Amino acid sequence: QQSGRRYNLFLKRRLRIDKRHQSKDSIFFRDGVRRIDFVLSYVDDFSKELEKKLERRREFESNLQKAGLELETEDKKESEDGKIFFVKIHAPWEVLITYAEVLNIKVPIKENDIPSTVENPLDCMLFPLRLPEKVMHPEPDYFTAPFSKDKQELYLINDESTFFSPSMRNRIVNYILTRCPYGTEEGKKKFGIKRLLNNGTYTAAYPLHDCQYWKKANDPNCDSERYTLYMEWARFLRFYKEQPLDLIRKYYGEKIGIYFAWLGFYTEMLFLAAVVGLICFLYGLFTMDENMSSKEICDPAIGGEIIMCPLCDQECDYWRLNTTCESSQYSHLFDNVATLFFAIFMGIWVTLFLEFWKRRQARLKYEWDLVDFEEEQQQLQLRPEYEAKCTQKKRNPVTQEMEPYLPLTSQAMRFCISGTTVLFWVSLIIASMIAVIVYRLAVYAAFASLMENTQTLQPISGLLTPQLATSVTASCLNFVIIMILNFFYERIAIWITDMEIPRTHMEYENRLTMKMFLFQFVNYYSSCFYVAFFKGKFVGYPGAYTYMFNRWRNEECDPAGCLIELTTQLTIVMAGKQIWGNIQEAFVPWICNWWGRRKARNNPENLYSRWEQDHDLQTFGALGLFYEYLEMVIQFGFITLFVASFPLAPLLALMNNILEIRVDSWKLTTQYRRPVAAKAHSIGVWQEILNGMAILSVVTNAFIVAFTSDMIPRLVYYYAYYENEDSPMSGYINNSLSVFQISDFPGRNKPKENPENFVICR
């Protein structure tokens with residue numbers, strides 16, 4: 001009986017489709033002429049607020065029609081699940097030209113007739129990396145000017161329906177939607193689609209993709225740009241190809257276009273850093289057997305005869321230096337002369353990267369007509385939330401117009417709450433880092449006694465020292481804490497930024513960026529700073545060790561040096577973040593979309609409309625790009641701030657970014673609704689953050705070479721204290737260790753047993 005009802009429903013829908021002679025995969029109204037520029041969706045939820053929501057919708061849609069927009073509603077009976085209403089919106093010519101002038105949109109006046117004289121002698125070699133000309137440059141280059149209704153005869157208006165691109169059209173409609181009123185509640189004027197989405201009046205608002213990503217649209221009037229982007233850009237097998245930046249800009253807008261331009265340029269520049277880093281690593285690998293320090297540590301006659309003082313109180317025994325033979329050899333991979341060269345090279349590389357990007361950015365500004373773009377009205381105009389919440393008004397001394405404003409006392413109070421909240425969360429990170437340090441101190445003795453007394457661990461005890469075992473487990477624990485704190489703080493940062501009520505969109509993004517970056521900086525890098533600059537520096541000496549909270553003895557570095565531990569910490573946090581980030585970005589939206597479409601995937605295409613297909617996709621959101629930039633800037637910190645300890649970091653980042661470009665393009669093209677197009681002439685406040693990190697990286701790498709690695713002590717010994725002219729570094733290990741009389745050990749520190757009756761330890 002149930003299957004019979006389904007069959008009857010299928011027949012009714014089939015008849016309805018046949019009657020209209022139009023595929024529901026179309027991006028036009030039922031008349032097949034008017035293009036769908038935006039879609040709103042809602043459901044009848046039969047809650048207590050049903051009447052209120054109905055009234056809001058009625059008022060909102062009436063005001064949209066008064067603004068000149070044309071609406072067409074699809075009844076819930078037409079939808080796949082029989083529950084969702086869809087309101088399709090079309091902006092007619094008169095509305096488009098009115099708001100094109102308001103938004104200062106630039107349009108073509110004449111095709112560019114200046115011949116391009118730039119010739120690249122390497123073009124023939126780079127041909128395999130090139131995309132077809134039609135994909136790279138989807139439309140001719142034009143001379144442009146801001147649109148004016150009164151001077152329409154000056155513009156190249158061949159066809160009114162295609163003069164404004166779909167991305168321009170959805171920008172204009174979104175501008176109207178964010179400012180359209182829907183009534184007065186509690187004595188306040190209410191407006192904007194964002195508020196209606198938040199209170200559940202509408203469930204979604206989005207522009208449509210122009211076709212399905214895996215095949216071209218049947219409609220000859222459709223450019224099928226989404227299909228082109230998927231085939232030429234979003235597939236991983238195209239990883240070696242250049243990016244079609246002009247097509248990305250045309251389909252998604254300048255803001256997304258400039259992000260992919262920056263990410264692509266950053267990845268290109270990483271190639272050089274990765275090659276030099278790999279060469280430095282290989283130098284360490286090939287000279288490992290020639291390292292005099294490792295030879296002396298591994299030599300039974302030298303390292304085997306040096307008795308070291310216990311690494312923890314009472315539970316740990318005396319130990320011979322040659323037990324750290326393998327770890328000292330591996331530390332040479334990263335702690336050698338090439339490390340110093342690479343640290344200097346990366347200081348130069350980061351400066352060149354930032355300067356060359358400014359040049360590339362200036363070129364894009366010219367090519368994309370953004371030279372006189374001043375963060376545009378879309379960014380500089382008052383946020384609807386600011387206008388709604390600021391009921392008081394004062395006269396603008398420049399424009400002489402009355403504008404809403406936030407009183408100084410209210411601003412001060414909000415900033416105090418915001419600052420206190422950020423300070424609390426930063427303190428929470430520091431507290432969690434101290435907890436991890438306590439974990440290191442508490443478990444070290446356990447690892448030391450376990451490895452000494454367990455026979456099954458003997459084969460790997462040379463490689464996996466107690467210090468390294470503690471460092472690896474602490475790094476993993478630290479990574480888990482980082483991800484948990486990130487999850488909560490992201491929501492807190494958005495809440496406190498909303499509470500501050502920033503005046504413009506640009507101000508909102510900048511404030512949120514600084515809050516998030518400050519937190520992420522402390523969260524991701526605090527443990528690396530601890531290992532690089534604090535661990536092993538405040539240990540004390542036998543008989544007068546320093547203790548944390550008078551209970552746990554401060555930990556020492558690995559006998560091979562702290563640099564190998566910093567490398568371990570950096571590798572785990574950096575690689576873990578990149579793997580987890582790609583899983584989140586690729587698999588989570590794919591699983592969500594698969595789950596959402598599981599009922600519809602068996603339906604015929606003409607019963608599963610274009611607006612329903614896009615409705616079932618994930619929302620990219622206003623902060624979608626923000627998280628992409630944040631992820632890349634944190635990675636930039638890993639490969640610049642601590643690169644002296646891990647020359648392979650740029651290579652890891654390069655491999656990740658090659659994947660990142662394709663993952664980001666794939667999810668944007670296939671898994672997300674089409675974002676509303678937005679303009680941007682630069683990467684914004686991220687440029688200043690990158691500049692700050694570049695300056696800091698020079699300082700941190702100099703400090704790592706000076707204080708964390710053994711580079712300076714070795715050079716001092718080489719030039720000032722050598723004893724053998726034929727082998728200047730021989731005797732360095734013995735020279736670097738001081739002597740302690742075991743009889744001077746206080747009871748608190750002295751090991752319980754001394755079976756071999758050692759007299760001194762080092």
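At what angle do H8 and helix H9 (residues 245-252) pack, and how many Å apart are their axes? The legends below take that up after a look at the whole chain, and everything shown comes from a predicted model.

**Figure 1. The whole chain, for orientation.**
We start with the big picture: the protein chain has 25 helices and 18 strands. Of its 762 residues, 52% are buried. If you take the contacts in the chain with a separation of 6 or more, 76% of them come from residues 24 or more positions apart.

**Figure 2. Helix H8 against helix H9.**
Here's the answer to the opening question: the two helices pack at an angle of about 145 degrees, and their axes are 11 Å apart. The crossing of H8 past H9 is left-handed. On the H8 side, the contact is made by Glu225, Arg226, Thr228 and Leu229. H9 brings Leu247, Ile248, Lys250, Tyr251 and Tyr252 to that contact.

**Figure 3. Ser224, in the loop between E8 and H8.**
Stay with H8 and look at the loop between E8 and H8, where Ser224 is found. Ser224 isn't a glycine, yet its phi is positive, at about 55 degrees. Is Ser224 buried or exposed? With a relative accessible area of 3%, Ser224 is buried.

**Figure 4. Tyr213 and Tyr230, an edge-to-face pair.**
Tyr213 lies in the loop between strand E8 (204-206) and helix H8 (225-232), while Tyr230 lies in helix H8, so the pair ties together parts that are 17 residues apart in sequence. The ring centres of Tyr213 and Tyr230 are 4.9 Å apart and the planes are at 65 degrees; angles over 60 count as edge-to-face, so that's what this pair is. Tyr230 has 18% relative accessibility and therefore counts as buried, the cut-off being under 20%.

**Figure 5. Phe147 and Tyr155, a stacked pair.**
How many aromatic pairs does a search of the whole structure find? The search turns up 53, and this view picks out one of them. The centres of the Phe147 and Tyr155 rings are 5.0 Å apart with planes at 25 degrees, so this pair is stacked. Phe147 and Tyr155 are both buried.

**Figure 6. Two arginines over aromatic rings.**
Next, a pair of spots where a charge meets a ring. Arg491 has its charged end over the ring of Phe487, 4.0 Å from the ring centre. Arg748 does likewise with Tyr547: its charged end sits over that ring, 3.7 Å from the centre.

**Figure 7. Asp369, between helices H13 and H14.**
Asp369 is found in the loop between helix H13 (337-367) and helix H14 (376-380). Its phi is positive, about 60 degrees, although Asp369 is not a glycine. At 23% relative accessibility, Asp369 counts as partly exposed.

**Figure 8. Ala435 in helix H16.**
Helix H16 (residues 408-453) is where you'll find Ala435. This alanine is partly exposed, with a relative accessible area of 44%. Ala435 and Asn478 are 43 residues apart along the chain, and their C-alpha atoms are separated by 9.5 Å.

**Figure 9. Residues 43-70, annotated as a coiled-coil region.**
The label here is from UniProt: an unreviewed entry carries the annotation "coiled-coil region" for residues 43-70. In the model, the chain over residues 43-70 is 61% helix and 7% strand. The end C-alpha atoms of this stretch are 21 Å apart.

How values were computed:
Residues are numbered from 1 along each chain as its sequence is written. This is a predicted model: local features need pLDDT of at least 70, side-chain atom pairs count only at pLDDT 80 or more; totals for chains, interfaces and linings use all residues. Side-chain values use heavy atoms; hydrogens and water are left out. Rings of Phe, Tyr and Trp (its six-membered ring) pair if their centres lie within 6.5 Å; planes under 30 degrees apart count as stacked, over 60 as edge-to-face and the rest as tilted. Buried means under 20% relative accessible area, exposed over 50%, partly exposed in between (1.4 Å probe, protein chains only). Helices (H or I, at least four residues) and strands (E, at least two) are DSSP runs, numbered from the N terminus. A charge sits over a ring if NZ of Lys or CZ of Arg is within 6 Å of the ring centre and within 35 degrees of the ring normal. UniProt positions are given in the numbering used here, feature names are shortened, and annotations may be inferred rather than shown by experiment. Axes are lines fitted to C-alpha atoms, for helices over the stretch in contact, and angles run from 0 to 180 degrees between N-to-C directions. A crossing is left-handed if the near helix is turned anticlockwise from the far one by less than a right angle, and right-handed if clockwise. Contact means heavy atoms within 4.5 Å.
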